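Please keep the sequence and the structure in view while working through the numbered points.

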Amino acid sequence: MDTGKTEVNGAVEVGAVRRWLLCPASWQAWAVLGVVLLAGSVRVGLAVPDGGMDNAIVVRAAESWLHGRSPYADRHFLYLPGAVLAAVPGALLPTAVVRFLVPVAVTAGLVVGWVCALRIHGIALGSRFAAYGLLGLALGFAPFGHLVALGNWTVASAAVLPLALLLLCRGRWVAAGLAIGAAVAVKPLLAPVVLLFLFGRRWRALAVAVGVPVAVSVAVALLLPDPGGFFTRTLPFLLRGQDSFVRLYEASPGAVLARLGVPQSLATLLAAGAAAAGVWCAWRRWGRGDEGAARVVECAVMLMLAAFLVSRPSYDHYLMVVLPLLLAGVLTPGAVGRSPWFWVALVPQVPGFTWPWLEEGTRRAFKDAVTLCALAVVVGWRCAAPRLVWGGLGPRAVGLEGQGRLVRWSRVAGLRVRVLTRTGQRG
């Protein structure tokens, strides 16, 4: 008989926590966040002489081009021709500058992505949630540090995707297509998001998103000594699953299952099936018809996770492209971040947590695959099932039984209180 009262009290408590998180953060919180981000960048600069292993690959490709050689001679250079031109400044700067500039730039890119993700969900940039959320990503999510340490150009996608989705939420489809196209021209990681323009039948935006990387790639390729190097060298290398060294760090089910003894053909088939299911979930979520940030974010995240399930390679720091978008929406009722399984999926990525038999670096891909697959299942469930309300151990559908209790929000004494009423006769 006290269920209604308990639910009201619980709603008031949740509302109180939400209001506290939305209040302005103190200067001490911003100072701590600044120290953490700066310390992480400086640490990488002191420990890594070239700004990160992955950034060094792109810079060496630019240096090869400047010296008249093909950048695709290095089989680990997996980028489109536009990345060669973008890496020229790094090739011309002194190494002493690059080693500190790159981690700072990567950190700044992640901050930009977090800021845009907050604005998508209407969160004030000066709030406690803004400060503590980014602090939690920096300290509690290992791929954040991995991305900064490697200097991987995935950071461009981590910054551009939230920006593009923010533009979509504001109805600026062509501008969003331009942002996506520019990111793909450097690294084709965001190519799956182009399906959003197809879902929305935004043909001009679709043309821009596809045309920009094609035009940039063709123009830059004509300046290379090996114009077709991406197709003759890099693409076959990717289709073969790369070499034995890189394969150790791939988190896609196709790579991980093969390492566990599953035949490669079957592992690839399973990964492709999972990816196809993810695309279907995104399409179903878009077709639900409700407008707002949740629809755009969940569709885009589902498309990216589907690509990560089947793509070769697929690394842990790719998760930084989608996780800030999900985390920034955690204060929104019904968000994916409200599910307990969302947080369970992140447990393997907690820094310093000891995982038996998985402590060697070459075995890290196994727990990365767990996080990737679990996130894909949680987001896919949210996308595919209609009108879910997260509660208990997972989502429950709101059906006829739930229509007898209507939930409405009202402001009482300046506080946001959840009021439960029952339909029918009152007494």
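1. Does R364 count as buried, exposed or partly exposed, and at what relative accessibility? The model is a predicted one, and in it R364 counts as partly exposed because its relative accessibility is 23%; a residue is called buried under 20% and exposed over 50%.

2. R364 takes part in a salt bridge with D316, where the side chains meet at 3.6 Å, N to O. R364 lies in helix α20 (residues 364–384) and D316 in the loop between α17 and α18, so this pair ties together parts that are 48 residues apart in sequence. D316 is buried, with a relative accessible area of 2%.

3. R364 also meets D368 through a salt bridge between their side chains (3.5 Å, N to O). These two residues are separated by about one helical turn, because they are four residues apart in helix α20. D368 is buried, at a relative accessible area of 1%.

4. The structure holds six salt bridges. One of them brings together the side chains of E250 and R312 (2.5 Å, N to O). E250 is in the loop between α14 (244–247) and α15 (253–259), and R312 is in the loop between α17 and α18 (323–328), so the pair ties together parts that are 62 residues apart in sequence. E250 is buried, with a relative accessible area of 0%.

5. The largest nonpolar core has 89 residues, of which L165, L190, L196, F197 and L305 touch the most other members. Helix α17 (residues 293–310) supplies the largest share of this core, twelve residues. Beyond its neighbours within four places in sequence, F197 is in contact with residues including L168, W173, R202 and A209. Another core, of 19 residues, lies apart from the largest one, and I57, V58, A87 and A91 are among its members.

6. L46 lies in helix α2 and is exposed, with a relative accessible area of 59%.

7. An unreviewed UniProt entry lists several transmembrane regions, among them residues 27–46 and 176–199. Over residues 27–46 the chain is 100% helix, and the end C-alpha atoms are 28 Å apart. Over residues 176–199 the chain is 71% helix, with the end C-alpha atoms 14 Å apart.

Methods. Residues are numbered from 1 along each chain as its sequence is written. This is a predicted model: local features need pLDDT of at least 70, side-chain atom pairs count only at pLDDT 80 or more; totals for chains, interfaces and linings use all residues. Side-chain values use heavy atoms; hydrogens and water are left out. UniProt positions are given in the numbering used here, feature names are shortened, and annotations may be inferred rather than shown by experiment. A nonpolar core is a set of buried Ala, Val, Leu, Ile, Met, Phe, Trp, Tyr and Cys residues joined through side-chain atoms within 4.5 Å. Buried means under 20% relative accessible area, exposed over 50%, partly exposed in between (1.4 Å probe, protein chains only). Contact means heavy atoms within 4.5 Å. A salt bridge is a side-chain nitrogen of Lys or Arg within 4 Å of a carboxyl oxygen of Asp or Glu.
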